[in-house]
Amino acid sequence: MAAMRLTHVTTAELDRLEFHAVRSGEHGGVAAQLLDLANRVDAGSEIGRAELFVRAGEQWEIAQEFERACAAYQRAIDDGGSTVIDARALRAGALLHLDEVERAQAQLKRLETEGPHGLSTHIHIAEALYAHDDLEGAERWATAGARGYVGADVTPYVHDLLMELLRIRFRIRTDLGLDEDELDDWADAD
């Protein structure tokens, strides 16, 4: 049996594949290519195996293949490598699309007990819960994420993510009929 050839994946190559998916609509085909790359990527690659599994899962979601997305996210979780958005949060979102609410909630509960997460993860969870009519859960995740960063010295990129999260939070709180609070005031003053 021939040895599998390892490959190095760059950000530019990943962008090229994802732009191709957007232009062509071939999200399933691109997801399969990303899975293949994840299986062959070398340890020194600019883009790691777990992130490639996550990106494959995102393409499967766009293709409305939520079971395949869950499987790709689980591979990222099993890999344990770093990802921009926590793969457990992404898997919970895909489970919600499959109407597996209890499994999704259990995944989010485990994630919540493990401590702070990046803003991208909080944004994803808040949006996923909002889209599935769990406004209280969405508000809780958005608030927890914002509280971890409001007033901190952050990069412009993190600041932009924080402002996005605060806008999502404001929309959720408006839908819940809640009054503005100090986080809304902080966003308005920015």
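**View A. Contact between helices α8 and α9**. In this predicted model, L135, E136, A138, E139, A142, T143, G145 and A146 of α8 meet L162, L165, L166, R169, I172, R173, D175 and L176 of α9. By class, the residues of this contact comprise nine nonpolar, two polar and five charged. Helix α8 spans residues 135-147, and its axis comes within 9 Å of that of α9, with a crossing angle of roughly 145°. The crossing of α8 and α9 is left-handed.

**View B. Packing of helix α2 against helix α3**. The axes of α2 (residues 27-40) and α3 (residues 49-62) approach within 8 Å and cross at roughly 165°. Because of this angle, α2 is roughly antiparallel to α3. The two helices, α2 and α3, form a left-handed crossing. From α2, the contact involves H27, G28, V30, A31, A32, L34, L35, L37, A38, N39 and R40; from α3, the partners are R49, L52, F53, R55, A56, Q59, W60 and I62. The contact of α2 with α3 is made up of 12 nonpolar, four polar and three charged residues.

**View C. Contact between helices α3 and α5**. Here the axes of α3 and α5 come within 11 Å and cross at roughly 20°. The helices α3 and α5 are therefore roughly parallel to each other. Their crossing, α3 with α5, is left-handed. Helix α3 contributes V54, E58 and E61, and helix α5 contributes A87, L90, A94 and H97. Sorted by class, the contact of α3 with α5 contains four nonpolar, one polar and two charged residues.

**View D. The largest pocket and its lining**. The largest pocket holds about 330 Å³ of space. Its lining consists of 21 residues, and those nearest the centre of the pocket are E58, I85, L90, S120 and H124. At least two lining residues come from each of α3, α5 (87-97), α7 (119-131) and α9 (156-176). Helix α7 provides the largest share of the lining, with six residues. The lining of the largest pocket comprises 10 nonpolar, five polar and six charged residues. Two of the residues nearest the pocket centre, E58 and L90, also take part in the contact between α3 and α5.

Conventions: Residues numbered from 1 in each chain as written. Predicted model: local features only at pLDDT ≥ 70, side-chain atom pairs only at ≥ 80, totals over all residues. Heavy atoms only, no water. Axes fitted to C-alpha atoms, helices over the stretch in contact; angles between N-to-C directions. Helix = DSSP H or I, 4+ residues; strand = E, 2+ residues; numbered from the N terminus. Parallel < 35°, antiparallel > 145°, perpendicular 65-115°, else oblique. Left-handed = near helix turned anticlockwise from the far one by under 90°. Contact = heavy atoms within 4.5 Å. Nonpolar A, V, L, I, M, F, W, Y, C, P; charged D, E, K, R; others polar. 1 Å grid on protein atoms, 1.4 Å probe; cavity = no way out; pocket = protein on both sides within 12 Å on 5 of 7 lines; lining within 4 Å. Points joined across faces, edges and corners; volume = space filled by probe spheres on them.
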